[in-house]
Structure formats: structure tokens, C-alpha cells
Amino acid sequence: MLPVALPFTGIDASARCSALRSGSKDGSSWNTKSAVGKWVASACRWASSIGGCALRSDPRRRRFSIAHELGHWQHHRGRSSVCRASEIGSVSQGGAGIERQADNYAADLLMPAYLFRPFAAAHRRPSFEAIDALAAAFSTSRLATALRFIDHSPWPCMIFCHGQNERRWFRRNGGIPDQWFPRDDLDPESDAMDVLYGKIDGSRPTIIGADAWFDRRGADRFELTEECVKGFGNDVLALLTLKDQMLD
Ligand SMILES: [Zn+2]
């Protein structure tokens, strides 16, 4: 349990935004006549106006979607835009634009850095077990939590998403030099292959040559740790932890 009460803890499927507007049905404690209450209610009306797709999803995803809409309310009031549910929390479209700004707002709101960093650092090493524990603590999705983990982890780590035909996206934390740019394809030696083609649901953290993931000259002189799990659909998510020697 987090040491503070985050504003969206009580959101559930039946309550939807009407509970937020009333400020009482789900036990929420803000005053809807206050500035914050009016702000939340307005953002929820906006969230409802996008067709409610986000509101029908699972509770963790729904919390992120509403926080994303609050981000639009905070940063983009008065601007005309279409907010598609498929774009909320999507990593594949890069880091620019108002959708990413709203995503960043949602991540900051639901996983405040000053709380998230010590929670992340309390784990022995990067792993999906650690990410899932953080996701449970912050009531956020595995993907949203994994991205936050990459950004705020004390370890040099990256996360990749691969489909059967292409690498969809990747993210690395700020301590990793740009020259460690990933291969487009998947190496047959990687456990990601077995997860991608359904032989296994996930792998344990495993040491593998860095040339399995990077085609930089000399990559075969380094090793890293990979762990793979199923992503959305038929995709695979791979978490890589680099050795300190790779950061020079
Ligand atoms: Zn949006």
C-alpha cells in the first residue's frame, strides 16, 4: 500500500466518472465544488466524450486513461484534438506531441517519481517480478509501470517490444549511451523467440551475448541479462540489463 492516497484509487467499472463527479459514491474525499473537484469532473466529462472505450478497459488501464485525460485538461484546454483510446499509453508513436505529454502527465500523477524511485531501488535487480510488484503497489498496468521503471531505475536497462515481423518500439534509460542501438530483428539465441512463437510464456533472467540485441562492432565482447514475457497480442516484451562495462 502506498503511503499516500492517490486521487483515483477508488475508480471502478460501475462507478465510472459519475462517481468522480459526485465525489462520494466511491469514497473519494474531494469537494466537487473545490477547484480540484471541478477540474476532475471536467476532465471526466472529456474522458466520457471520447466514447468511453478507455473506461471499459481493466481498472489499471482505466486509471491511466483518466489520468491521461486530466493531462489534456491541464495542458491542452481549448485546443481541438481527437484522443483515441488506442493512443493512450502507446509507446510506438514516439515521444512528441500532445498524446505523449498527456501520457507523461498520467505517469507523473499515478507513479510520482519521489515515491516510485525508492520503491524501484528496493528491488535487487531489474525484473518483471519487480515491475509487477510495483504495478500492484501503484495500481498501474505492467506496460505503464515497465516504462516508468526504465525511466527511473537505478540500473542501466532497456525494454523492447517485438512482433513477429518487426521491432515495434524500445526504450532505454538515460544512462545508456546512444551507440547501443538495437537490432531490428530477433536473434534465434534469445528466449524472446520462444516467447514470440508460443513455446514458452516467459523466461527467467538469462545471461546472453550483447550481439544478440545490438549489431554494434565489438558487441560480442559483452554480455547482458535478458528476461522475456508475453506482451499484448502476439508481441513479446524483453527487459535487458546491461553490464557497467557497456556504459563507457
Ligand atoms: Zn489523449
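Quick definition to begin: a residue is buried if 20 or more other C-beta atoms lie within 10 Å of its own, exposed if 12 or fewer, and partly exposed in between, with C-beta atoms placed from the backbone. By that count, Leu143, Ala144, Thr145, Ala146, Leu147, Arg148, Phe149 and Ile150 of α7 are buried. Keep in mind that this is a predicted model: local features need pLDDT of at least 70, side-chain atom pairs count only at pLDDT 80 or more, and totals for chains, interfaces and linings use all residues. Residue numbers start from 1 along each chain as its sequence is written.

**The chain overall**

- The chain has eight helices and five strands; helices (H or I, at least four residues) and strands (E, at least two) are DSSP runs, numbered from the N terminus.
- Going along the sequence, the pattern is α-α-α-α-α-α-α-β-β-α-β-β-β.
- There are 248 residues in the chain, and 34% of them count as buried.
- Take the contacts between residues at least 6 apart in sequence: 52% of them join residues at least 24 apart. Two residues are in contact if their C-beta atoms, placed from the backbone, lie within 7 Å.

**Helix α7**

- Eight of the eleven residues of α7 are buried, so the helix is largely enclosed by the rest of the structure.
- What do the buried residues of α7 pack against? Their partners are α3 (59-75), α4, α5, α6, β1 (157-162) and β2 (167-172).
- Arg148 sits in α7 and is buried, with 23 other C-beta atoms within 10 Å.
- Setting aside neighbours within four places in sequence, Arg148 is in contact with Ala107, Met111 and Phe116.
- Arg148 and Met111 are 37 residues apart along the chain, and their C-alpha atoms are separated by 7.8 Å.

**Helix α6**

- In α6 (residues 128-138), the buried residues are Phe128, Ala130, Ile131, Leu134, Ala135 and Phe138.
- They cover an arc of only 155 degrees around the axis, which puts them on the same side of α6; the arc is that of the directions from the helix axis to the C-beta atoms.
- For background, an α-helix has 3.6 residues a turn, so residues three or four places apart point the same way.
- The buried residues of α6 pack against α4 (97-110), α5 (113-121), α7 (142-152), β4 (223-230) and β5 (236-242).

**How the helices cross**

- α6 and α7 pack at an angle of about 110 degrees, their axes 9 Å apart. That makes α6 roughly perpendicular to α7.
- On the conventions: axes are lines fitted to C-alpha atoms, for helices over the stretch in contact, and angles run from 0 to 180 degrees between N-to-C directions. Angles under 35 degrees count as roughly parallel, over 145 as roughly antiparallel, 65 to 115 as roughly perpendicular and the rest as oblique.
- The crossing of α6 past α7 is right-handed; a crossing is left-handed if the near helix is turned anticlockwise from the far one by less than a right angle, and right-handed if clockwise.
- Ile131, Asp132, Leu134, Ala135 and Phe138 of α6 make this contact with Arg142, Thr145, Ala146 and Phe149 of α7.
- By class, the contact of α6 with α7 has six nonpolar, one polar and two charged residues. Here Ala, Val, Leu, Ile, Met, Phe, Trp, Tyr, Cys and Pro count as nonpolar, Asp, Glu, Lys and Arg as charged, and the others, Gly among them, as polar.
- The axes of α5 and α7 come within 10 Å, crossing at roughly 85 degrees, which makes α5 roughly perpendicular to α7.
- On the α5 side, Ala113, Phe116, Arg117 and Ala120 make the contact, and on the α7 side Arg148, Phe149 and His152. Its classes are four nonpolar, one polar and two charged residues.
- α3 and α4 have axes that come within 7 Å and cross at roughly 115 degrees, and their crossing is right-handed.

**Two loop residues**

- Ser139 lies in the loop between α6 and α7 and takes a positive phi of about 55 degrees although it is not a glycine.
- Most residues other than glycine have a negative phi.
- With 18 C-beta neighbours inside 10 Å, Ser139 counts as partly exposed.
- Asn234 is in the loop between β4 and β5, and with 13 C-beta neighbours inside 10 Å it counts as partly exposed.
- Leaving out neighbours within four places in sequence, Asn234 is in contact with Gly163 and Gln164.
- The C-alpha atoms of Asn234 and Gly163 are separated by 6.6 Å, with the two residues 71 apart along the chain.
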